[in-house]
Amino acid sequence: MCIWHLYVSGIRCADLRFTPGGVLHAPLDPETAALAPFQPLSAEAAAGYLALTHFDLEALAGRMAEYEQLFPAPPEVETSWGARYRSDDGVRWAQREIKYPWNVTVSGGRLAAFTCPSRERVHVLVREGCEDATVLARWRAYRPEPILPVRRVENLEVPMRDGVALSASLLLPRTDRPVPAVLVRTPYGKEDELDNYMRYAYRGYAVVLQDVRGRNKSGGAWIPNHFETEDGDDTLNWIAAQNWCDGSVGMVGGSYLGYVQWAAAASRNPHLKALISVVCAGSAFHDLPRKGGSLVSGMLAWAFSVSQQQFDGTKMERDDWDEVLDIRPLADLPRKALGYDIPFFHQWLAHPDNDDFWRAGDWAERGAGVDVPALIVSGWFDDNGAGTTEALDLTADYPDGRRKIILGPWPHSGNARYDLHGLALGNGALRDDIDLIFLQWFDHHLLGADNGAEAMPTVRYYTIGEEKWKTAGNWPVPGGRTVSFYLTPGGGLSDALPEEQGCDSYTYDPADPAEHIIDLSENELGVPEDYTLVEQRPDVLSYTTPALTQPLVLTGDFTVELYVSSDAPDTDFIVRITDVDEHGRSRKLADGVLSARYRDGFGAPKLMEPGRVYKLSIRTSKLSAAFQPGHRLRLTVTSGARNFLFPNRNTGAGFDGTEVRPAENSIHFGGICPSRVIAWQETQP
């Protein structure tokens, strides 16, 4: 009976035998860095493998015979349990329509391996002797084993400058010399993250996992994003002072775990030598929870999950979100939805403008001039994509080699699925080498390894429609030109500014806002949904180019300049960039929002005068897409985004109240009101 090896980020973490009587496994023992003897797979061990690698080994055991029989397979194949696979080369088959796919590799005419990519790690289950048919060949060439034994130290207390102690766990490689450290700071419970970052400890890094202030076992009050610069600074100093640390620290992680990296960097701590910023959260008014000056209702699932000391992911999943979103006043929402209040939600409501409360957590403003080497990773449909945009802006003047960028066709959950709400990506959309790139980055900047990390492409990005990865020497990508698409009478978009001046109007009713198509329980706010039906509403304006006669490749974020007026003192404007296919289906690819009162800055609200025309500039999410011949580029404008944003009440009095009024909003174009979409068109292949 053959043996299968299970690898996590190039580390062999178990051997497996699939027998008629069940699964036998020989797990890696961290204390010895050796595999234990084979033993029956317990339910607890199976759950651990599933959590770490996304492989359900018990289910796989029951399906292995069919996999062996099916592969090699035709270009498209479906299993008896409904798993769909597609291949472009007859060697690798991508599993479609699922998060964390079990992709299949064939070698020598037989099933050789399963590969499961995820946001920060890639997992490979490979038949013994077939490693070189997978990404493991690259791992072996770069960093062959052996690995180091690791000991685990729990419940360390890290003192902060105000006397609060934050709880940390330590993964320490057994070596007789000080080593560089990797710091992971999390609001989700450090114990659940330990196995995820063991890969760095096995390779000679001390790993410190810390509960941020007010979370899990750490002291202090929990206010999201508020204390992370000072707490990060104090933690870095504490790590560097330990006898097991050589004074160099890197940080890694995604979402909030990305946010805390930039917050720590803003302290200019000298011990922080490298960042791996993955789908990082940004500043409040550019990202969440006050995007464009609005109040993001889509973040309620996250807010509920972190509303008490311990993270509780079950609070994200509800079947009554429609009722929850309608609770007024907003101050009553947590208590009525959860049975208790959320203190930080009340603090959010108490600070309607960008004041010192929000600036305390604004790493983009506080970090101006930082120069920590950064590997920046995100996706076109990442709902924290504005945070990555801020990171790209902050590092725009870095010399070559000190920042590297990977931008995929991914949502916030990252490198984990090929099919996004009906948008089918190519089989190459997911990367098998994401964690290898991460390790090379740390090895270069923390260990001083001459491993070619500086020579890696500055930018790697994926173009939807062309379905391929590209490289560039900078971001924004060179080799293109700025193009404008002007709004025209009759709902057109044109590369020529119309001489005729016009105006389109709609009534926005906060009691019946247009829908932003998301499932709050999924906790993905930027998915590329089909907005064809939403665009039929009378409160949604559409402006569309003629059918394209040749491909139009647009890469970067868009700027939408709108000349607007309203009979209300304040209202929101939501813009979407969509790709309209030959059948008229309109798929959203990028979007942006701005509350009109913040047209001159988020700290300087100015109400509108009825009928007066104002210029708004709205920056959208990032994108690289090829709009194909026969397709059309569309801009839509509306003022409501139910599910995503709490409706602007149009009164100028903020969000926490019950009084609302409809607004008659107008978009002006042509002549002295050149409303337009500004984009970057690639002109070089």
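R174 counts as partly exposed, at 40% relative accessibility, where buried means under 20% relative accessible area, exposed means over 50% and partly exposed lies in between (1.4 Å probe, protein chains only). The model is a predicted one, in which local features need pLDDT of at least 70 and side-chain atom pairs count only at pLDDT 80 or more, while totals for chains, interfaces and linings use all residues. Residues are numbered from 1 along each chain as its sequence is written, and side-chain values use heavy atoms, with hydrogens and water left out.

Side chains of opposite charge can pair when their charged atoms come close. A salt bridge is a side-chain nitrogen of Lys or Arg within 4 Å of a carboxyl oxygen of Asp or Glu, and by this rule the count comes to 44 salt bridges. In one of them the side chains of E31 and R174 meet, at 2.7 Å from N to O; this pair links distant parts of the chain, 143 residues apart, with E31 in the loop between strand 3 (22-29) and strand 4 (34-35) and R174 in the loop between strand 13 (165-173) and strand 14 (179-186). Helices (H or I, at least four residues) and strands (E, at least two) are DSSP runs, numbered from the N terminus. E31, at 39% relative accessibility, counts as partly exposed.

A salt bridge also joins R213 and D162, at 2.8 Å from N to O. R213 is buried, with a relative accessible area of 6%, whereas D162 counts as partly exposed at 46%.

Which part of the structure largely encloses helix 13, and how many of its residues are buried? Of its 10 residues (385-394), 9 are buried, so helix 13 is largely enclosed by the rest of the structure. Its buried residues pack against elements including helix 6 (256-265), strand 18 (374-381) and strand 31 (614-627), where contact means heavy atoms within 4.5 Å.

D591, in strand 30 (residues 586-595), is buried as well, with a relative accessible area of 11%. Leaving aside its neighbours within four places in sequence, D591 is in contact with H516, V575, R576, R619, T620 and S621.

D319, by contrast, is exposed, with a relative accessible area of 79%, and lies in the loop between helix 7 (300-305) and helix 8 (321-325).
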